[in-house]
Amino acid sequence: MVAHADTRVVHRGGSKINFRAPVITQDSRFLICVSGECIKVFSTSTEECIHHLQGHKELVTGLVLNPSNHLQVFSCSEDGTIRLWDFTDGILIRVTLLHLKTPSTLHSVPGKRNNCEGCSRGHQCYMHLCYGIIYLCVDYLTSCALCSQGEYVASVKDNVLHVYFLNKKTFYRFALGTSGEMAARNAFTCVACHPKDDCIATGHGDGKIRLWRNFNQEKEYTFSTVHWHHSGVNALCFTPEGTNLLSGGLESVLVQWRYGQEGQKDFLPRLGSSIKEIVVSPDGSLFCTSHTDNKITVIKNCTKVSAVIQGLVHGDGVKTALMVDPRTKALVLNGKPGHLQFYSLQRDQQLYNLDIVQQEYINQSNLDQFEVVKAALDSRGSWLATVEQRSAKEVEISLKLWAFDEHTQSFVLNTTISAPHDGPISEICFSPSSQNSTTLVSVSLDGHFKAWQLTQPDPSDDEEASWSCDFVGDYHSLEPKCCCFSADGSLLAVSFKEVVTVWSPASWDLLTTLSQPPGAIQDLCFGRLSCSKYLLGATDKNLCCWNLLTCSLEWSTALDVSLLLADPLSENVAAFCGAEKTTDLFVFRPSEPRPHFSQQALCTGRVTRAVFAPRDEPLDGCEESSQWLNRSQLYFLTHNMELLTFLTKPEEERLMALSKQVAVLKKHKQEFLHTSCLLFISLFISQFALTLSAIMTLVLSILT
Amino acid sequence: MGEFKVHRVRFFDYMPSAISAMAFNVHTERLAVARADGTVEIYNFADNCFQEKVIPGKDGRTVEALCWAGQRLFSTGLNGEIVEYDLENLRSKYTVEAYGGPVWTISSNSQGTQLAVGCEDGTVKIFELVEDSIQFQSNFDRLKSRVLSLSWHPSGTQIAAGTMDMIRVFNVTTGHATQRMMVDRAAGANKKKEVAVWSVVFLSDNTVISGDSAGKVQVWDSQMGTLIRTHLVTKWDVMALAVSRDESSLLAGTSEGSVVQFQFISARLDQPDKEWQRTRTLRSHSHDVRALVHTDTAAVSGGNDAHLVVRPFMEKVVKGSKESAPCKITFPHRSLVSCGKKAGILLFQFPERLEVWRLGESNENGEELSVTKKPEALIHLKRKGDDHICCSTLSPCGGWLAYASASSVRLFQLQYDNDSIALTKVEMGPLHVLLWFVFFVPHYLPSPSPPPPEVSKQAVHLMSTSDDGQWLATANSDCEVHVYNLKKLKYHCTVPVYGSCPSAMAIHPTGSNVVMVHADQKIFEYSLEQKEYTEWSRSLAKKGLHGSWLNRVAPVTHVSFSASNPDYIILHDMNMFCIIDKSLPLPEKDSDLVGAETQLISNSSVFPSVFKNLLCVGLMEDHSLVVVERPLLDIATRLPAPVRQKKFAT
């Protein structure tokens, strides 16, 4: 099997915007942040993403404003390049090759230095570049900070603070108690330098903040300690004048300390989740906190949250399946603890959060919280079923059903069923029938599966329709694992260990049983469209295909399938197969046991969550091997919570064309600027967010 | 090493008294500590913080402030008197009435020629030091409220005085106030409460630093009378301030029990303009820090929880050296317990009374024995007069008891008659009665035939007799150990003077050797018959003691011997006791010594983990060990409640 040249696995959307501290522009109008391989420019007032700066081939690791032109930004990446961008127009200006492919950060220093010099000490490497920026390799560091005058770099790692004076090339090392229990609590977590005084603030694992002074002395150095945070301090930042110190951590409280009067402090609580980075705009009017749940909060005047930029929440793990909301085409998955998030892949933006658990989240270790473990949407997107579970001493489960409210355009809780089963629920699914009455099936490890139906109340009562149990099924008191409706909703397949039982939802009769030992069934899936007579089942060793008309095994093959997924818009079925450490993907039609697309070593780790997202308009011009991506796009989550997808050649070409347009535009713009006859056009272009094609037609019409 | 039946005694409810004032003499490196009961203790910082002298207190005398003027030590108290102490005879030399009501503070100028006292009636009085006395010189302008704190400018021309709500600066020659600096009151509900300026410090650059009852440490310019900087340190009071000799570091003691350090450092590196920045916070106390001293290498603090804490600054000392170990002194460095070895009774000494207890008994064998007969208190003996008991002793047979105060010595005979005990006061008669006793009475020696001519005038702080009553050894704070022959009643010899003060001493019951342990943890054995160090002592000196023994901070306070094995020496300090077996070879100097049963000097056992906070370890006649413990927790629970502090998650 050959690697397919016309498709490529890429990060599309949902990448981390909290990986590095964002940058606020000089005029506080824009917020620039890294986002995987691209850089995003947001408006601080409208939360809108204005530009995607694309060009880096690897993870972007550092951002800094150009000290000599505040409308430009430098970025560095693991691909070993430093790029200079015009962020107002979204144009790449210059690429510098460094050949250093380590995680690094960029810092700016005042004063123009035209020499390019580098030095390294141990695992740390500092490099002055010609543009007045300093490039730091941070591979081995917990955190580092550069003094505003560029005299020294403070870096922390474990229990040691290093201060390196760049001009004198002297190096100081300050270690805190490193023995036993103290060592873990003393560990440095972050560092910041005072903009005016020679004072370094460090945060520690036990929640203390130390302010170091006299750090150009081996012995006579001194520090003072302040303590408010109860767990580690994650972020520290001085305001531009150095009058205040901001700190944040797990408590999701922004603490503002008065520099010199550390006893006085102000708090901005309830910021939603643990603070990871803090930055302050150059004029001090805006604070930005980036949070662990992939969120950036913009705080105005030290007191008011004015904007929230939310990326895809990468929680501890996605327990629910990946789903696509048929109404909004949004990806639905676990978000914040106890929430479901609706994430628009097209706009790469979170649409909304739905609070499922509706309980205050208490941030404390060893506390068992309610978690959303299962969720299902019906085919029209009018019903949402969720299962929440808390496994304290005994398992507490409740099943909630949410109806879509046209008026408020969101889901409203309709029915709560507490303890629907005696054991944990292993799967829920809606029947895809297009009639008004839809059925929900829940399968539990207690040996039963239950069918739930919406019952219309008495017209005389004022009550709304609610859900109740319609049927309880079991099979030889075996443990059921998974369930699946056929595309038309006329058949329900439930797997009990090695046995697949096929039921008629209309009468709840057991129609037939299918079995192919050895091995318990792990996943079930009906074929679609012309292949709807086939039922696919995956055990931990085999993939079997049964023909439901003959009730016999059509074919089977030895595969360790971790996930079976049917494309709702075509006959294609995707099977993710876990090899030793990597995952392989096979796409096939159930009618023939031969895959028409396969890719080995898709990613590392096992893929257990994936979804076919229907495209807005079908793609054409694909080669044969990527035809299966015409109607839908396949998204999947790796074990370290990266959302990946396939990019086909036509799509790539379209993107290339877009960036070329930008380049052409830039060229023309420069010509205009040189001749200065049509200066107003460029101003017009930069000030109004017109679509690129509109700009192009405008430019072309002016040229002609 | 042998097994012992151990009496674990915890019924000695000794309470150390709160520390109220401290003064440090930089030249002699002596720290004077005054306690709430009027006791004044002298610690020698050149000799491992050894408690060299104790001047016993007296009813009705409190000490509010202490100060050194050259070699002379003065104190004042709320009884309105200024006291000078006789440091050789360990008693007050004379008292002078200040005629200003209770005296809150005393301070001497850096030249040591004048004393300033601050009185309740708002006057600052200047006394001149003359030979053997002080003489009233002048009164400054009277202030409206009591003078709580005083500080001389190092030049001796100005004095800063802290009163209620205000700091005044006086010109010493004219006696007029030159500046008035108003101190802000606390915000909120305490707005109406006057602020007491508990402490002021006058620096040579004319900066005045004050600590007040609103919890502020404020830096003032005394020439302009303006406030430079305010540091809010605590919600409660800042009770004490101390500045280092080079005026680069300042300590502030608070009612929360923390000590806050400020350092005079520049905001930008390598630039001259400096300011006072708050740096470290030391938390060594549970209660108010009433007194503070800033030595060159350490912060010394004392307060209501009665601990004297020495916290070295790590940047000033060599890491791992003896000076770098923090030190907490709670118990006096002398014995408060005497054992009647033969009778199985214990004598406990309190400042105002003596208690005699009989030990409990048990018939069982095993690891933990249950007490079949409970220990019982036999006698509570109240002292006569105002002077506190300074030493006491019990004869080994338990039949005689004696105690001494600054003014008198009293001797009693105890008669046990089944259940009743008779106590008869014995008139101090013939000298031979004293043969069984050890008295720690300054200069109270049965003056035998002419003492050696070169004997120092310093008070004797240790005495020991041999069991057969032949020898008497005395040690004084000039580190001299003299031995007398009691049978012949004449001076026998002097042990070669060693540079550190003996902290414990005993004469071996059979070998007529005297074993001395010094404050620097060195051990010597001296043969009285040959008048030279014994072979074992010389080999010990040659080989050197192990570092982990020498780096202990608490001095050994008791030496005793085992009757069963003459090679055993039993030593103990506050934290551990150990048994040295002289017959075993010495361990290597750089070998690792880890664990509870380690070899320290010779093959000795140390029991640090089992017994803690030891006041006395003694061996009884029946080969059982008496361990008198006073857990620090018991002391802490009997102290008044500290100021309330919000603790996280409570």
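## Close-up views of a predicted model

**View 1. A salt bridge joins B:Arg10 and B:Glu629.** The two side chains meet at 3.3 Å, N to O. B:Arg10 sits in the loop between β1 (5-9) and β2 (19-25) of chain B, and B:Glu629 in strand β51 (residues 624-629), so the pair ties together parts 619 residues apart in sequence. B:Arg10 is partly exposed, because its relative accessibility is 45%. B:Glu629 has a value of 1% and therefore counts as buried. The model is predicted, and over all chains it holds 34 salt bridges.

**View 2. B:Arg638 pairs with B:Asp13.** This salt bridge spans 3.6 Å, N to O. It links distant parts of the chain, 625 residues apart: B:Arg638 belongs to helix α3 (residues 632-638) of chain B, and B:Asp13 to the loop between β1 and β2. B:Arg638 is partly exposed, at 48% relative accessible area. B:Asp13 is also partly exposed, at 31%.

**View 3. Two strands are bridged by B:Arg229 and B:Glu275.** Their side chains form a salt bridge of 3.8 Å, N to O. B:Arg229 lies in β21 (residues 226-232) and B:Glu275 in β25 (residues 274-283), both of chain B, so parts 46 residues apart in sequence are tied together. Is B:Arg229 buried or exposed? B:Arg229 is buried, since 17% relative accessible area falls under 20%. B:Glu275 is partly exposed at 31%. Elsewhere, salt bridges with shared partners join A:Glu151, A:Asp198 and B:Arg268 into one network.

View 4. B:Asp467 is placed in the loop between β38 (460-465) and β39 (471-476). B:Asp467 counts as exposed, because its relative accessibility is 57%.

**View 5. B:Ile209 is buried in strand β19.** The strand covers residues 207-212 of chain B. B:Ile209 has a relative accessible area of 0%. Leaving out residues up to four places away in sequence, B:Ile209 touches several partners, among them B:Val200, B:Leu203, B:Val219, B:Leu250 and B:Trp276. B:Ser222 is 13 residues from B:Ile209 in sequence and 9.5 Å away, C-alpha to C-alpha.

**View 6. Two residues other than glycine have positive phi.** Most residues other than glycine have a negative phi. A:Trp508 has a phi near 60°. A:Trp508 is in the loop between β44 (499-504) and β45 (509-515) of chain A, and is buried at 11% relative accessibility. B:Asn48 has a phi near 55°. B:Asn48 occupies the loop between β4 (40-44) and β5 (50-55) of chain B. At 24% relative accessibility, B:Asn48 is partly exposed.

**View 7. A:Gln72 and A:Gln149 take places in a strand and a loop of chain A.** A:Gln72 belongs to strand β7 (residues 72-77). A:Gln72 is buried, at 14% relative accessibility. Its contacts beyond four places in sequence include A:Leu65, A:Trp85 and A:Phe87. A:Gln149 lies between β14 (143-146) and β15 (152-157), and is partly exposed at 34%. A:Ser108, 41 residues from A:Gln149 along the chain, has its C-alpha atom 9.3 Å from that of A:Gln149. Chain A as a whole has 4 helices and 56 strands. Of its 704 residues, 54% count as buried.

Definitions and conventions. Residues numbered from 1 in each chain as written. Chains lettered and ligands numbered in written order. Predicted model: local features only at pLDDT ≥ 70, side-chain atom pairs only at ≥ 80, totals over all residues. Heavy atoms only, no water. Buried < 20%, exposed > 50% of the residue type's maximum accessible area, 1.4 Å probe, protein only. Contact = heavy atoms within 4.5 Å. Salt bridge = Lys/Arg side-chain N within 4 Å of Asp/Glu carboxyl O.
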